[in-house]
Amino acid sequence: MKNLSRKLNIRAFSLIITSVFIVLVVLFNVFASMLTERFFLKADLTETGLFTMSEEAAEFLESVDETVDIVVLADESVWKANSMFNLVINTLQNYSAATGGRLRVQYVNPDLNYFNGPEYNNSLTFLKEAHADLDNMTHNDIIFISSRRAALVPATELFLSNVTQDGRPFIAAVRTDQLLVSALLHVLNENVPHAVFIQNHEESPSDYIRFILSRSGYVYSEINLAIDEIPEDTTVLFTVAPKFDFISDEIIKLENYLAAGGNAIVLYDFDVIELPVLDAFLAEWGIMVENKLIFDDVHTYIQQYGIIGAHVVAGHLPSSIESEEYTRETMRIGAYLARPLRSTWVGDAMSGFTQFPLIQTFSDSSYAKSLEPGASTTTEREPGDDSGPFVIAYNISRVVRGPDNQWMTSNLIVTGADMFDDAFLGMFGNTFYNAIFIANLADDFNPGGQNVFISAKPLANNQMPVSSGNARMVIIVMVIALPALIYATAVLVWYKRRHK
């Protein structure tokens with residue numbers, strides 16, 4: 001009877017130990033889950049850090065000090081079942097945690113037309129009617145709402161696609177960080193800068209330039225300069241690779257815009273030999289665009305890095321970039337740059353003009369070929385070729401009186417469009433200098449704004465993503481459960497041996 005009682009005591013003790021252990025594991029799991037949701041604790045074993053918030057986003061989120069509602073037009077369970085959208089869920093959790101919950105995320109089935117927004121009668125229809133920017137919202141889109149305005153991030157833009165050699169499409173990169181931060185910039189900025197693109201001379205669509213501007217909080221629109229007026233709220237006016245010349249009425253509008261303190265960027269297409277009316281206007285500002293093609297047999301073009309053999313000149317726009325050689329000596333091949341520019345003296349010291357180069361080539365290795373008919377087409381350096389350095393981006397600044405009779409500075413920037421062509425800028429935007437240059441120009445034209453540039457994350461070599469749930473399970477099993485099980489077994493063995 002005594003032995004039976006001892007066995008029952010041992011079994012009771014073992015049951016108690018096991019029960020306590022199970023309760024501790026459950027409590028730890030719940031506590032770990034709460035910590036994960038609140039502070040976004042997880043392990044990320046992907047090579048490009050798909051589940052890790054970028055440093056640029058983290059730095060920006062530290063400055064967010066007001067509430068922003070983020071409405072995802074999708075069922076959360078459906079998104080979790082999709083590996084790509086699950087990445088976005090992780091990013092949104094990350095952002096909410098980094099701002100201490102000031103970014104409030106909710107998932108809404110748009111077919112039900114209901115979301116948690118009392119100021120809009122909890123109705124997506126009311127929300128859409130209150131904000132013109134949301135006209136095209138649809139399933140899987142993300143809406144940002146602040147006390148100032150709303151912004152829409154289309155689901156189709158969250159990922160960058162490419163095609164295989166046999167023509168099959170695939171998702172090549174994720175740019176969620178950049179799009180979400182851009183949307184936050186837009187809804188949080190006191191004033192929204194406005195980029196206007198002239199589009200009646202067969203200009204380039206320049207989708208990537210517009211994307212670069214949007215990441216600094218810009219909105220953009222298009223005008224036909226022949227019949228439309230330049231909007232009064234224009235921060236910067238673009239004409240990107242015009243194929244046909246301007247007319248005199250358009251030049252008058254451009255002159256009046258600059259005379260009132262405006263900013264304009266003219267990007268030349270090297271395939272267009274001359275635009276007499278536009279060329280004459282630029283000549284009045286002291287800029288001559290030459291019909292030459294520049295090569296460099298040392299500093300060469302590499303798609304992911306940007307322009308060839310050129311550097312920004314210190315002390316001028318953009319103010320946030322210092323003088324630095326952004327290209328490296330790699331393959332010794334010829335590759336072209338934009339057409340070179342030649343400056344002429346304009347007016348006198350009282351005219352208010354200031355000219356300075358923004359980007360120029362290196363003197364030791366750059367040379368230029370004529371684009372005139374019958375000129376040599378070889379890329380090799382020849383005795384008659386002009387030697388560098390060549391200026392390939394100029395800024396002409398002029399002090400003028402603005403609409404309120406205050407002194408202002410207008411800026412006219414002229415350079416080659418091919419440096420900023422969508423194909424040249426590349427797919428991922430990891431380190432190319434061209435995009436950074438335009439982005440910093442955008443900031444210089446809009447001093448009150450912010451500039452947050454975040455590279456897209458390629459999906460290559462990311463075969464082992466570890467989500468927060470998986471990471472938590474690894475911690476529980478390897479760090480807690482297994483050692484605890486070993487310890488409990490050891491205690492039980494020791495107890496049995498001692499009471500034999």
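Residues are numbered from 1 along each chain as its sequence is written. In this predicted model, local features need pLDDT of at least 70, side-chain atom pairs count only at pLDDT 80 or more, and totals for linings use all residues, while side-chain values use heavy atoms.

The largest pocket has a volume of about 770 Å³. A pocket is an open set of points on a 1 Å grid where a 1.4 Å probe fits, with protein on both sides within 12 Å along at least five of seven lines. Its lining residues have an atom within 4 Å of a point. The largest pocket has 26 of them, and Leu152, Pro154, Glu157, Ser214 and Tyr220 lie nearest its centre. Helix H7 supplies the largest share of this lining, five residues. Helices are DSSP runs (H or I) of at least four residues, and strands (E) of at least two.

The whole structure holds seven aromatic pairs. Rings pair if their centres lie within 6.5 Å, and planes over 60 degrees apart count as edge-to-face. The centres of Phe197 and Tyr220 are 6.4 Å apart and their planes stand at 85°, so this pair is edge-to-face. Phe197 belongs to strand S7 and Tyr220 to strand S8, 23 residues apart.

Phe197 is buried, at 0% relative accessibility. Tyr220 is partly exposed, at 42%. Buried means under 20% relative accessible area, exposed over 50%, and partly exposed in between (1.4 Å probe, protein chains only). Elsewhere, Trp79, Phe85, Tyr107 and Phe159 form one aromatic cluster.

Methods
Grid points are joined across faces, edges and corners, and a volume is the space filled by probe spheres set on the points. Rings of Phe, Tyr and Trp (its six-membered ring) pair if their centres lie within 6.5 Å; planes under 30 degrees apart count as stacked, over 60 as edge-to-face and the rest as tilted.
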